Amino acid sequence: MTNNDDDTWAEIFATQPDSDRRGGRVGSDPEPDPAPATRRARRSGFDRPARRRSGRAPVVIGVILLLLGLGAGAAWFAWSNFEPQIREALGLEVADDYEGDGNGEEVLVTIVPGDIGEDVALTLQQSGVTMSFGAFYDLLLADASISFQPGTYALQGEMSARAALDALLDPANRVESRVTIPEGTVLTDTLELLALGTGLPVEDFQAAIADPTRYGVPAEAPSIEGYLFPATYTFEPGTTAEQVIERLATEMTTRLDALGVAPEDRYRVLTLASVVQREAGSELDDFGRVARVFVNRIDEGMLLQSDATVHYGTGNFDSVFTTDAERGDASNPYNTYANPGLPVGPIGLPGQVAIEASVAPPEGEWLYFVTVNLATGETVFSETLAQHEAAVRQLQEWCNSSEENRTVYCG
């Protein structure tokens with residue numbers, strides 16, 4: 001096909017008034033049916049405007065004569081490049097819907113809370129997923145049971161209205177980031193997990209927590225450590241680091257409020273709970289007793305003597321034990337061997353069980369505990385120093401009972 005043929009078709013359709021012309025497939029997309037501009041207009045329905053017929057007769061004659069005088073190849077070229085105009089000229093229905101499942105180009109479509117069907121239809125048309133507002137909206141009118149869940153969905157450009165509807169109703173097409181923060185995770189590791197899960201730079205999260213007070217953390221707290229609730233979260237595309245941190249902090253506040261923890265007690269509860277989380281291991285029944293040991297020791301004026309707090313202050317998490325030098329270093333504000341009371345702040349992110357244990361520990365006279373089997377987490381709680389020393393010997397015997405115990409658990 002030559003450029004002269006292209007020019008011929010262009011000249012034919014140039015005879016139409018501007019208000020009747022529809023863009024062809026060369027250089028522009030077919031103009032979609034107009035959609036109502038406001039929700040009120042959309043709710044009240046709309047009528048597709050009738051196309052003007054003035055000046056069509058010369059065009060129709062020209063189209064018919066030219067088609068008759070061309071071969072199959074030329075006719076195919078004309079239809080491929082001027083289908084909307086030919087349909088318009090011959091009085092055929094102008095297509096308002098694509099065919100198939102899309103053109104392979106991903107388009108993210110977001111349905112926000114409060115969107116109604118008309119909003120979704122307009123969003124799809126404006127984002128290039130569907131050809132027209134009406135093609136999609138007609139499907140909604142035909143089935144009043146259709147509803148949409150807010151979220152961001154991965155669709156494609158140039159989908160048929162039916163394919164777009166099916167894609168929006170399929171939860172598998174919902175796009176979200178999923179991040180799991182285990183209980184006891186320290187803040188630095190938490191930020192790394194959040195960055196990995198959301199795809200945001202870790203620097204964004206570091207900047208977001210630069211001023212912890214914006215999330216309700218008291219000014220005396222060393223950082224936001226302990227004030228983010230560990231759990232599995234999902235985030236929509238476009239969520240900022242500040243919004244992520246806000247969500248985790250709000251979740252922690254909600255949990256504390258549900259347990260009746262007053263705002264002025266949050267700092268103490270979270271600090272104690274973070275120590276319980278790190279010391280209690282995996283046995284859930286031990287959390288309450290560990291909390292009771294620490295509360296009893298504080299009430300008796302005894303040092304907490306928690307190796308976990310020392311490790312947090314030194315940054316050494318490779319061993320369950322501490323050295324004499326580490327335990328004697330009072331300059332470490334997290335060293336509960338050398339400094340009385342709770343550490344200066346939380347030493348990780350406590351979970352629900354640790355928080356509940358710290359809010360209401362069970363009654364008991366225990367003042368000591370030690371894990372005597374580091375593989376199973378078996379822990380012995382004692383009321384006297386003699387009982388505790390016997391349990392410590394039991395741990396030492398377990399460590400020396402095998403090479404694996406010595407190197408893997410007790411090294």
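Reply: Start at Gln305. Gln305 is partly exposed, with a relative accessible area of 38%. Buried means under 20% relative accessible area, exposed means over 50%, and partly exposed is in between, using a 1.4 Å probe and protein chains only. Its phi is near 55°, a positive value in a residue other than glycine. Gln305 sits in the loop between helix H12 (286–299) and helix H13. Helices (H or I, at least four residues) and strands (E, at least two) are DSSP runs, numbered from the N terminus.

A word on the source. This is a predicted model, in which local features need pLDDT of at least 70 and side-chain atom pairs count only at pLDDT 80 or more, while totals for chains, interfaces and linings use all residues. Residues are numbered from 1 along each chain as its sequence is written, and side-chain values use heavy atoms, with hydrogens and water left out.

Now step into H13, residues 307–314, where Asp307 lies. Is Asp307 buried or exposed? Asp307 is buried, yet it has no salt bridge. A salt bridge needs a side-chain nitrogen of Lys or Arg within 4 Å of a carboxyl oxygen of Asp or Glu. The nearest side chain of opposite charge is Arg327, 5.0 Å away. For charge, Lys and Arg count as positive and Asp and Glu as negative, while His and the chain ends are not counted. What does Asp307 touch? Leaving out residues up to four places away in sequence, its contacts are Glu279, Val320, Phe321, Thr322, Arg327 and Tyr337. Contact here means heavy atoms within 4.5 Å.

Compare Glu158. Its phi is also positive, near 55°, and Glu158 is not a glycine. Glu158 is found in the loop between strand S2 and helix H7 (161–168). It is partly exposed, at 34% relative accessible area.

Follow the chain back into S2. S2 (residues 151–156) pairs with strand S1 (residues 106–111) in the antiparallel sense, over six bridges. Two strands pair if DSSP finds at least two bridges between them. Ile111 has Gly151 as its bridge partner in S2. S2 is also joined to strand S3 (residues 174–175) by two bridges, again antiparallel. There, Tyr153 has Arg174 as its partner.

Next, strand S6 (residues 368–373). Six of its six residues are buried, so S6 is largely enclosed by the rest of the structure. S6 pairs with strand S7 (residues 378–382) in the antiparallel sense over five bridges. Tyr368 stands opposite Ser382 of S7. The hairpin of S6 and S7 has four residues between the strands, and in it Gly377 takes a positive phi near 85°.

Now look at the rings. The whole structure holds eight aromatic pairs. Rings of Phe, Tyr and Trp (its six-membered ring) pair if their centres lie within 6.5 Å; planes under 30 degrees apart count as stacked, over 60 as edge-to-face and the rest as tilted. Tyr233 and Phe235 form a stacked pair, 6.1 Å centre to centre with 15° between the planes. Tyr233 is buried at 4% relative accessible area, and Phe235 is buried at 4%. The pair of Trp366 and Phe381 is tilted, because its planes meet at 55°, with the ring centres 6.0 Å apart. Trp366 lies in the loop between helix H15 (352–359) and S6, and Phe381 lies in S7, so this pair ties together parts that are 15 residues apart in sequence. Both Trp366 and Phe381 are buried. Ring pairs also link Phe294, Trp366, Phe369 and Phe381 into a cluster.

Further along comes the one disulfide of the structure. A disulfide is a pair of cysteine sulfur atoms within 2.5 Å. Cys399 and Cys410 form it, with their sulfur atoms 2.0 Å apart. The torsion about the S-S bond is about -80°, so the disulfide is left-handed. Cys399 lies in helix H16 (residues 385–399) and Cys410 in the segment after helix H17 (403–409), so the pair ties together parts that are 11 residues apart in sequence. Both Cys399 and Cys410 are buried.

Last, step back. The protein has 17 helices and seven strands. Buried residues make up 40% of its 411 residues.
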